[in-house]
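Subject: Structure handover

Hello,

Here is the structure I promised to pass on. Please open it beside this email and follow along.

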Amino acid sequence: GVAAASSTTASPAGASQPVGFIGLGIMGQGMVSNLLSSGQSVVVWSRALAKCEEFAAAHAEGRVVVADSPRAVVEQCAVTYSMLSDPEASEAVFSGTAGVLAGVREGCVIVDCATLT
């Protein structure tokens with residue numbers, strides 16, 4: 001199943017907060033798998049919710065939490081990565097009351113990994 005939002009484990013660096021990840025396409029799934037391999041817990045969201053649920057079920061060790069919005073990912077994580085497909089996807093995910101920017105607070109880090117033009 002899907003882990004509770006409060007479930008975290010210590011990362012190799014000793015951090016207790018999970019890493020956020022938005023976008024579970026081919027690249028995003030690979031990047032999140034690498035984070036999990038390093039012992040990190042993650043909070044994920046994707047426009048295709050089924051991808052999040054399938055990914056969490058495939059990693060049943062309880063270190064994958066599925067958030068209900070991009071904002072919820074950012075609010076739960078000090079560092080959030082995004083890997084989105086195109087400028088339209090980025091605009092849709094970053095804007096609005098449930099978007100990434102609505103969850104930004106002092107000290108949080110957003111890393112956009114897409115190669116958008």
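This is a predicted model: local features need pLDDT of at least 70, side-chain atom pairs count only at pLDDT 80 or more; totals for chains, interfaces and linings use all residues.

Lys51 sits in helix H2, which covers residues 49-58. Now look for Gly25. Along the sequence, Lys51 and Gly25 are 26 residues apart. In space, their C-alpha atoms are 8.0 Å apart.

**The chain as a whole**

The protein chain has 117 residues, and 41% of them are buried. Five helices and five strands are present.

**The largest pocket**

Gly25 comes up again here. Which residues lie nearest the centre of the largest pocket? They are Gly23, Leu24, Gly25, Arg47 and Met83. In total, 13 residues line this pocket. The space inside is about 190 Å³.

What kinds of residues make up the lining? Six are nonpolar, five are polar and two are charged. Helix H1, residues 26-37, contributes the most to the lining, with three residues.

**Two salt bridges**

How many salt bridges does the structure hold? There are two.

Take Glu61 and Arg63 to begin with. These residues form a salt bridge, and their closest N and O atoms are 3.3 Å apart. Glu61 is partly exposed, because its relative accessibility is 43%. Arg63 is buried, because its relative accessible area is 16%, and buried means under 20%.

The other bridge joins the side chains of Arg71 and Glu75. Here the N to O distance is 2.7 Å. Why are Arg71 and Glu75 separated by about one helical turn? Both belong to helix H3, residues 70-76, and they are four residues apart in that helix, so about one turn lies between them. Arg71 has a relative accessible area of 31%, so Arg71 is partly exposed. Glu75 is partly exposed as well, with 42% relative accessibility.

Next, go to helix H5, residues 100-103. Val100 is in this helix. Is Val100 buried or exposed? Val100 is buried, because its relative accessibility is 1%. Thr80 is 20 residues away from Val100 along the chain. The C-alpha atoms of Val100 and Thr80 are separated by 9.2 Å.

A loop runs between helix H5 and strand E5, residues 109-112, and Val104 is found in this loop. At 39% relative accessibility, Val104 is partly exposed. Val104 also belongs to a nonpolar patch on the surface, together with Leu101 and Ile110. The accessible area of these three residues together is about 240 Å².

Glu106 lies in that loop between H5 and E5 too. Is Glu106 buried or exposed? Its relative accessibility is 83%, so Glu106 counts as exposed, since exposed means over 50%. Compare Glu106 with Ala78. They are 28 residues apart along the chain, and their C-alpha atoms are separated by 9.7 Å.

**Where to look again**

Find the 13 residues that line the largest pocket. Then find the Arg71 and Glu75 salt bridge. Finish in the loop with Val104 and Glu106.

Best wishes

Definitions and conventions
Residues are numbered from 1 along each chain as its sequence is written. Side-chain values use heavy atoms; hydrogens and water are left out. Patches are made of residues with over 30% relative accessible area and no salt bridge: like charges are joined within 9 Å, nonpolar side chains (Val, Leu, Ile, Met, Phe, Trp, Tyr) within 5 Å. Accessible areas come from the Shrake-Rupley method with a 1.4 Å probe; for residues, only the protein chains shown count as cover. A salt bridge is a side-chain nitrogen of Lys or Arg within 4 Å of a carboxyl oxygen of Asp or Glu. Helices (H or I, at least four residues) and strands (E, at least two) are DSSP runs, numbered from the N terminus. Buried means under 20% relative accessible area, exposed over 50%, partly exposed in between (1.4 Å probe, protein chains only). On a 1 Å grid over the protein atoms alone, a cavity is a set of points where a 1.4 Å probe fits but cannot get out, and a pocket is an open set with protein on both sides within 12 Å along at least five of seven lines; lining residues have an atom within 4 Å of a point. Grid points are joined across faces, edges and corners, and a volume is the space filled by probe spheres set on the points. Ala, Val, Leu, Ile, Met, Phe, Trp, Tyr, Cys and Pro count as nonpolar, Asp, Glu, Lys and Arg as charged, and the others, Gly among them, as polar.
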